[in-house]
Structures are given as C-alpha cells and as structure tokens.
Amino acid sequence: MRFDLPNGSSIQALKDVSLELKDGELLSVLGPSGCGKTTLLNILAGFLAPTDGKIVLNGNTVAGPGPERGMVFQSGALFEWMDVRANVDFGPRMKGMPKKERDQITDHLLETVGLADFKDKAVYELSGGMQQRVALARCLANEPDVILMDEPLGALDALTREKMQGLVLDLWKETGKTIILITHSVEEALLLGERLLVMAPRPGRIQKEYRLPFAERGVGSDLRLVKKSEGFAETRDEILSMIWEMEEEIMGRSEDVA
Ligand SMILES: Nc1ncnc2c1ncn2[C@@H]1O[C@H](COP(=O)(O)OP(=O)(O)O)[C@@H](O)[C@H]1O
Ligand SMILES: [Mg+2]
C-alpha cells in the first residue's frame, strides 16, 4: 500500500505483507505507531483499495466493505441517538429481518456481552467499557465470518480492559469467529492472539510471527494467572525489546531529519 502525497512524495505504508488465516483463527497484530496496522485493517475491511496485491476471502477477491467482515473501532462508532437495542439490531433491521427474530438475536447477544439489563439505555448513559460491549454485540448481530478490531480496548481503563480481554476470548471460543485484533499493548497481543504478528515501520511490514498458547489458556480462566504462566514473561520481554529497538530507530531517524 502506497500513499501518494499532494507534495509529490509518497509513503510506503505496507510492503510485501502476505498472510493466510484459517477459519476461526485468533490473530493479534502489534507494532509501533505508524507501522501500518490501521492501514492493513482498512484494506482487509475494504475501506481502502491496496495499490498492489489483493485480499481473498472464501475464494472471493475483496473489492469493498461487506457484511462478512465486521469492524469494531476503538470508540465512538455507535449511533448516539439510538438506544442499545437499536444499535445492536441495526444490521438485521437493515436486512429487513422481522422484529421477533431480531429481538431474539439482540436479547441473546446482549446477554452474551453482559448487558441484558441495559437494552433500553441510551448510549451516552453507558461507560466506555459498556459501549465497547455494545459495539461487539452489534458487530456479531451481522453474523460476520471475520471480525476486525482496531485497538478496540485502547480507550478503556486498566480494570475494564482486563475484563473485556476475557470477554473477547470467550466470544472467540463461543462463536468460532475468525478475529483479527490490532493492539498497542504487548500483553494484550500475547493474551489475545493464538497467532501474533509483530510489525515494523518504514515500510510497514511483518517483522516476526509467533504461535502462542496463552489465548487458549485464557479461555474461561483468570487472565492474571495466564500472565504468570510458563513462557509469558519471557515472550513479553523478547517482544518488548524488539519494539523498543524499532522505536529507538524511529526516534534516531527523526532526529537526523531535524
Ligand atoms: N490516508 C493516508 N494518507 C497518507 N498517509 C497515510 C494515510 N493513512 C496512513 N498513512 C501513513 O501510513 C503509515 C501507516 O499508518 P497507520 O496504518 O495509521 O499506522 P498504525 O495504525 O500502525 O499507527 C503512517 O506513516 C501514516 O502516516
Ligand atoms: Mg492505528
């Protein structure tokens, strides 16, 4: 993916990025700011057309957004003027699904994300964590094959974030969805990726790939224990050092420019 800038220069946001995902895989993507994570997700979502290469889903080349790919943003993507129920059943309503059927789906999903008692609340009455639960439920209501999340928990306080990480794992196991989750947090990437891509900047590329046991360990269990489990601290430190080096390099280069 190359962005051509108005001044005639260009930014190689992604270069030679190639990956294949299995049905039901949970992939986390980590990397310093500016390494192309959001660009990658936007291309997968069909919001951006790559300047070269292609995305294929179930044998079909992706040419734009589609209901088989659901997106959960960091925050602010709910319809503020609708209540919780109307947000969640927006997709099914647009498809023309009968009310009774829609209500069943919404009830089930709101229960799944722990918001059964909040159906009639306005979005602004909910905390940030609850709003992200609504966003997850709304995404699931469209029955996507793939869920794309761009730092979905990034705006939450530490405690809420931890709870939501557990919820993401439970949803992954319960629904069997393929999930791609972008995060800034090394711990989150370890916890929420049975497979983890570490990206590097300039040009944005895949630096290293890991297969990790922690997501599987975390399903239905205390994530704090998972963080203390075998291999977690070592892997975290290894990846932290890798990202530190990248950040140092970026800083060094921008000082050269200055
Ligand atoms: N629409 C755009 N026009 C020009 N440059 C862009 C655009 N979107 C992203 N970029 C550049 O592409 C690179 C990757 O950005 P982004 O995907 O947002 O990174 P990340 O999400 O990892 O922080 C950055 O250098 C960014 O400035
Ligand atoms: Mg981003």
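A residue is buried if 20 or more other C-beta atoms lie within 10 Å of its own, exposed if 12 or fewer, and partly exposed in between. The points below concern a predicted model.

1. Start with Arg-202. This residue has 17 C-beta neighbours inside 10 Å, so Arg-202 counts as partly exposed. Its place is in the loop between β9 and β10. Phi is positive there, about 55 degrees, although Arg-202 is not a glycine.

2. Look next at the bond that follows. Arg-202 and Pro-203 are joined by a cis peptide bond, with omega at about -10 degrees. Pro-203 is found in the loop between β9 (195-200) and β10 (205-211). Most peptide bonds are trans, and most residues other than glycine have a negative phi.

3. Asp-16 also deserves a check. Its phi is positive, about 50 degrees, and Asp-16 is not a glycine. The residue sits in the loop between β2 (10-12) and β3 (26-30). Asp-16 counts as exposed because it has 10 C-beta neighbours inside 10 Å, and the cut-off for exposed is 12 or fewer.

4. Now the ligand site. Which residues surround ligand 1? The shell consists of Phe-3, Ile-11, Ala-13, Gly-31, Ser-33, Gly-34, Cys-35, Gly-36, Lys-37, Thr-38, Thr-39 and Gly-204.

5. Which helix gives the most to that shell around ligand 1? Helix α1, residues 37-45, does, with 3 residues.

6. Consider the shell by class. Around ligand 1 there are 7 polar residues, 4 nonpolar and 1 charged. Gly-31, Gly-34, Gly-36 and Gly-204 are among the residues surrounding the ligand.

Definitions and conventions. Residues numbered from 1 in each chain as written. Chains lettered and ligands numbered in written order. Predicted model: local features only at pLDDT ≥ 70, side-chain atom pairs only at ≥ 80, totals over all residues. Near = placed C-beta within 6 Å. Helix = DSSP H or I, 4+ residues; strand = E, 2+ residues; numbered from the N terminus. Nonpolar A, V, L, I, M, F, W, Y, C, P; charged D, E, K, R; others polar.
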